[in-house]
Amino acid sequence: MENKKKDDNNSRRNFLKLGLLAGAGTVATGALIATGKNSGESGEKIKVLTTSGEVMEVDKNFLTLAPVGRVESHEGIPGRKFVMVIDLAKCKNARKCVEECQKGHNLPKDQEFMKVYLMQDSEKTAPYWFPKPCYHCDNPQCVSVCPVGATYKRSDGIVLIDNERCIGCKFCMTGCPYSTRVFSWKAEEAYESDQPYSPEKSVPGVEGTVSKCDFCPDLAREGKLPYCASACPMGVIYFGDIDEDVVTNGTETFKFSELIRDRSGYKYLDNLGTRPNVYYLPPVDRQFPFERGLDGLDEEVTKRFENTPYVKNLKNKETL
Amino acid sequence: MSDTASSKILLREFAPQIEHTGTLGKLWITFLVGVVLLGFFALYWQVSRGHIVTGMRDNVVWGVYIVNFIFFMGISYAGALISGALHLFHAEWRKPIIRMAEFITIISLLIGPGFIMMCIGRLDRLPNLILFGRIQSPITWDVIAISTDIFGCILFLYLALLRDLAKLRDFDELKVPNWKKKMYKILAIGYTGTPEQQLRLKKSTDIMAGMVIAIAIIVYSVLAWIFSVTLQPGWHSTIFGPYFVIAAVYSGTGVLIVAMYFFRKVYHLEEHITLKHFVNVGVIMLVLAAFFGYFTFSEYLTKWYGSEKNDEQLIAILFKDYYSLFILSNYIGVLVPLIVVGFKKLRTINNITIAAFIVIIALWLNRYLIVVPTLESPYLPIQESRDAWAHYSATWVEWSLTAGGVALFCLLFTLASKMIPIVQVSDLKEEPKEAGDIYLR
């Protein structure tokens, strides 16, 4: 028992180390940019090499990693194989994952990379909230059908889109059986950004192209969790490395294989042969009553669930 | 009567078609140009404002444009399969109508791919299809197949035109502007009809007739595979290749009959194009109607009987939201030609043309019902507050471009008939005028 805990802690430290190592690697190549944007010093100094060859100490908060360019983004982060686990027992449709993801990826209000569905498998079964990112499949239909190689699978398991190459034929959108991809139907203010485009950030968006959840590899390089995982107040979303066999939601860390074994983890619509890299833990022993997810929503969001059999039933009962 | 004398008489008969355009003809052309311009305006609107001006949204990402694309590619079969096959079977009666069939092929092949481009979000990046083309993608198969098809069909048409071009070049009485005469001279590439030239021409036409049939089958199968290689419940079907091929030839015969009707009326071809031709193409249409009905039936029967959850959902949408369209496309569109051509009393030129027109409409709807309802019933339920994002309905931009495409088709067809006689003049002397080889009496 004690051994296991030690293992867990070790793995977590390893996972968090990843970011720092990646950071150190880029310091040597001078890819760190000192910016004045971040306010306040952290007190932690980092040594960097200037273009003139001098070693300089800069406060950690004044440094941000330069985004990975289009060509480099084709290579995965070495030695990584990312995985996500979503605990349906804890989700209460708080929608913080959706909001933070939109903020992080600079998305217009009507575009969501992460969606939360009200699911009910059949009439008599229990309803549950179902957050759905991109599954980053190992046999991705979207990648197979792309005529120009604008969407690609990397060695670390992530499926990305190069919005500078995408021609907008939308074939990948019909190819994806999980309705994951979104199209930029018009020029958005949010796309007007002076930061350099990086497929790893999916920012800035490009009109007339397809985009989707990217598993935030830019954050992984910094040793951080994706926006959705760190934003969730319930700790629903675990992110980690399947080869290292560890996943974390920021407060709890588990051995991935044990978590899947003990909690009967499964993959959604796995029978389609897409081999997703997102696992779900079934909604058993729930921490919140399901109905609480319907409280305090925006009118727009409430309207989304109006046509579901569950909400229709609820309304029928009220009128009786 | 000698060869040259007989063709002189015929040329005299067909010359006015090329020499003058009447007031009505000019009005017709002006009208068509107007509609085409409306289409261009809609295209400008779409390019400048983004695809938000169309009815397409994140769920239904393909709409009327893709339907038009399949439709125009489908009617291009008129020339490929009908004129190719009839040529190989030496069906003598084909001669007055194959020119029309081949024109339909070329013109629709030029318009069809235009519609898929309207569906593309970044037209400026079209070169990427060549620069970064991936052979694993069915779209790349399509690019290769369609360009081969266009090339093959133009060659086939040109071989068929060659003798007429030579005749027009040698016909001194023709009163046309000089540029037209020059065009005939250049295009005829020195063909004079020596036995050696005739033999060569015959050999190459035979080869191309076989080729265009094969290429056309490949092109339409590839087009069907764009849909059936995906996992979507309504598309992931093994019979889509042959189903699309049959549907395509079917719509091709429909357009051919309607074209025969109008050109017969406008250019007074009553003597050359008779009831026999309508009945014969009608019989081909009848056979195809039976095949098409059979494929449609087996496609939906298996979905409905097996009733997997997602198939069930799709069938429910088809028979609820799209009920009348489904009946019109898959019942009326099959039964009308069967009845009209099947019963002798109904078998008149007017009736067959009306049936053909219904077939054209039905086949367009058939493609609409394949594309749109499937996208409206994905695996994950659509949970959407905005109705326009959950249900597709085409906007004025899409309808204008559709109208523009149809008008461009008619316009190019009209203009082509002003350049070259719409009937193969050099073949007509062999044509027996009496109704000899009619398929149904």
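Which residue of β15(A) is the bridge partner of A:M84? In this predicted model, the bridge partner of A:M84 in β15(A) is A:V278. The close-up views below start from this pairing.

**Figure 1. Pairing of strands β5 and β15 of chain A.** Strand β5 of chain A, residues 82-87, pairs with β15(A) in the parallel sense, over four bridges. Two of the residue pairs can be named: A:V278 of β15(A) is the bridge partner of A:M84, and A:L281 of β15(A) is the bridge partner of A:D87. Strand β15 spans residues 278-281 of chain A, and both of its faces are covered. On one side A:V278 and A:Y280 are buried, and on the other A:Y279 and A:L281 are buried.

**Figure 2. The five-stranded open sheet of chain A.** The strands follow one another in the order β14-β13-β12-β5-β15 (chain A), and their pairing is mixed. Strands of a sheet pair through backbone hydrogen bonds, in either the parallel or the antiparallel sense. At the edges of this sheet are β14 (253-255) and β15 of chain A, each of which pairs on one side only. From one strand to the next, the twist averages 25 degrees. Strand β15(A), although an edge strand, has both faces covered.

**Figure 3. Strands β6 and β7 of chain A.** Strand β6 of chain A comprises residues 115-119, and strand β7 of chain A comprises residues 128-132. The two strands run antiparallel and are joined by five bridges. Within this pair, A:L118 stands opposite A:W129 of β7(A). Strand β6(A) is largely enclosed by the rest of the structure, because four of its five residues are buried.

Figure 4. The loop between β5 and α2 (96-104) of chain A contains A:N93. A:N93 has 25 other C-beta atoms within 10 Å and is therefore buried, the cut-off being 20 or more. Leaving aside residues up to four places away in sequence, A:N93 touches A:V116, A:W129 and A:G293. A:W129 is also the residue that A:L118 stands opposite in β7(A). A:N93 and A:G293 are 200 residues apart along the chain, yet their C-alpha atoms are separated by 4.8 Å.

Figure 5. Most residues other than glycine have a negative phi, and most peptide bonds are trans. The peptide bond from A:V203 to A:P204 is cis, with omega near -10 degrees. A:P204 is placed in the loop between β10 (182-183) and β11 (210-211) of chain A. A:S179, a residue other than glycine, has a positive phi near 45 degrees. The loop that holds A:S179 lies between α4 (171-175) and β10 of chain A. With 18 other C-beta atoms within 10 Å, A:S179 is partly exposed. In chain B, a positive phi of about 55 degrees is found at B:H90, which is not a glycine. The loop in question runs between α4 (77-88) and α5 (98-118) of chain B. B:H90 has 7 other C-beta atoms within 10 Å and is exposed.

**Figure 6. Contact between chains A and B.** To this contact chain B contributes 33 residues and chain A contributes 38 residues. On the side of chain B that touches chain A, the elements giving two or more residues are α6 (128-131) and α7 (138-170) of chain B. Of these, α7(B) gives the most, with three residues. By class, this side of chain B has 15 nonpolar, 12 polar and six charged residues.

**Figure 7. Packing of helices α7 and α8 of chain B.** Helix α8 of chain B, residues 178-187, packs against α7(B) at an angle of about 135 degrees, and the axes are 8 Å apart. At that angle α7(B) is oblique to α8(B). The crossing of the two helices is left-handed. From α7(B) the contact is made by B:L165, B:L168 and B:R169, and from α8(B) by B:Y184, B:K185 and B:L187. By class, the contact of α7(B) with α8(B) has four nonpolar, no polar and two charged residues.

Methods. Residues are numbered from 1 along each chain as its sequence is written. Chains are lettered from A and ligands numbered from 1 in the order in which they are written. This is a predicted model: local features need pLDDT of at least 70, side-chain atom pairs count only at pLDDT 80 or more; totals for chains, interfaces and linings use all residues. A residue is buried if 20 or more other C-beta atoms lie within 10 Å of its own, exposed if 12 or fewer, and partly exposed in between; C-beta atoms are placed from the backbone. Two strands pair if DSSP finds at least two bridges between them. Two residues are in contact if their C-beta atoms, placed from the backbone, lie within 7 Å. Ala, Val, Leu, Ile, Met, Phe, Trp, Tyr, Cys and Pro count as nonpolar, Asp, Glu, Lys and Arg as charged, and the others, Gly among them, as polar. Axes are lines fitted to C-alpha atoms, for helices over the stretch in contact, and angles run from 0 to 180 degrees between N-to-C directions. Angles under 35 degrees count as roughly parallel, over 145 as roughly antiparallel, 65 to 115 as roughly perpendicular and the rest as oblique. A crossing is left-handed if the near helix is turned anticlockwise from the far one by less than a right angle, and right-handed if clockwise.
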